[in-house]
Amino acid sequence: MEKQLHLNLLSSRPPAAGGLQAGSKMRMGPGRKRDFSPLGWSCYFQTIEDVEVETNGGKDISFGSHGPVLLLLHGGGHSALSWAVFTAVICGRINCRVVAMDLRGHGDTKVQDSEDLSAETMASDISKVVEVLYGDAPPPILMIGHSMGGAIAVHAAAANHIPSLLGLCVIDVVEGTAMEALNSMQSFLRSRPKTFKSLENAIEWSVKSGQIRNIESARVSMGGQVKKQRSSVFEWRVDLSRTERFWTGWFRGLSALFLSCTSPKLLLLAGVDRLDKDLTIGQMQGKFQLQVLPQCGHAVHEDAPDKVADAIASFMVRHKFTDFKEGFLW
């Protein structure tokens, strides 16, 4: 059977009893050199799994445990590893499972047409993955998406691709500001280094440039953004400049689609100035919950994983999707 998708997924692990504390600030004393060494996925996730989706059905893969599934969709150029620190934090707050996937053309996922990053195709991918993982009886699912992943989550929800959808959480993507930003996106991409001499060098750049403001998250997530080449230098895994023809499709009409979704919705933004007219009106009408997390960059869930976890945990408990973990003090 012809394989359409060979997807890489990470599922959550219980919070560690010791060692690295997820979400910690990692403060450095005067004169101490910051540690830019990479951190592995196994510090934050329990399993890494390849999921094959085929044209004539596919294999069913079941995860144990209990609780609703948080299905995490990363932003453009990122990977499932961008959710690492957040995953460790959220699993310590509420009863839940986490599945983070590398979207097509990203991370370690392999597809026949890796250049087809249309909103429709990627939203369909989400549906197929859920079907392969859970068959005809998927557990309750909360979709959480950042930037491009947030747009894809909205498209998937609006198309009813997730039959067991509990709710939707979109992180720092709004149609108005996203469409405006597209005009300068190519200039931004050209301003980035094209290569790095090492993964440590890439991690250091991401922190010092402000792309990721949490050094712990940068140490685990940058490995999903860059890859070592035969020349021994590290290059970006995704040439985002070549995806330009899909950008408008990701974001145009996004506010109306988001507001049309009937499930409970949470919008997390780095600044209230990002709201466009439709969302401002919708928020005033109580159509979704809005929370602004200031002093964060665009990668809100990486910069402030504790605050994002708090917001999502509170949202889920308030809607009775789950409960706080025993012993967790809110």
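Strand β5 (residues 97-101) is mostly covered, with 5 of its 5 residues buried. Buried means under 20% relative accessible area, exposed means over 50%, and partly exposed lies in between (1.4 Å probe, protein chains only). Strands (E, at least two residues) and helices (H or I, at least four) are DSSP runs, numbered from the N terminus.

This is a predicted model: local features need pLDDT of at least 70, side-chain atom pairs count only at pLDDT 80 or more, and totals for chains, interfaces and linings use all residues. Residues are numbered from 1 along each chain as its sequence is written, and side-chain values use heavy atoms, leaving out hydrogens and water.

**The strand.** From β5, R97, V99 and M101 point one way. V98 and A100 point the other way. Both sets are buried. β5 pairs with strand β4 (residues 69-73) in the parallel sense, over 5 bridges. Two strands pair if DSSP finds at least two bridges between them. V98 of β5 is the bridge partner of L70.

**The helix pair.** Helix α4 (residues 175-191) packs against helix α7 (residues 244-251) at an angle of about 165 degrees, with the axes 10 Å apart. That makes α4 roughly antiparallel to α7. Angles over 145 degrees count as roughly antiparallel, under 35 as roughly parallel, 65 to 115 as roughly perpendicular and the rest as oblique. Axes are lines fitted to C-alpha atoms, for helices over the stretch in contact, and angles run from 0 to 180 degrees between N-to-C directions.

From α4, the contact is made by E175, A178, M179, L182, M185, Q186 and L189. From α7 come E244, W247, T248 and F251. Contact means heavy atoms within 4.5 Å. By class, 7 residues here are nonpolar, 2 polar and 2 charged. Ala, Val, Leu, Ile, Met, Phe, Trp, Tyr, Cys and Pro count as nonpolar, Asp, Glu, Lys and Arg as charged, and the others, Gly among them, as polar.

Most residues other than glycine have a negative phi.

**The whole protein.** The protein has 11 helices and 13 strands. Of its 330 residues, 53% count as buried.
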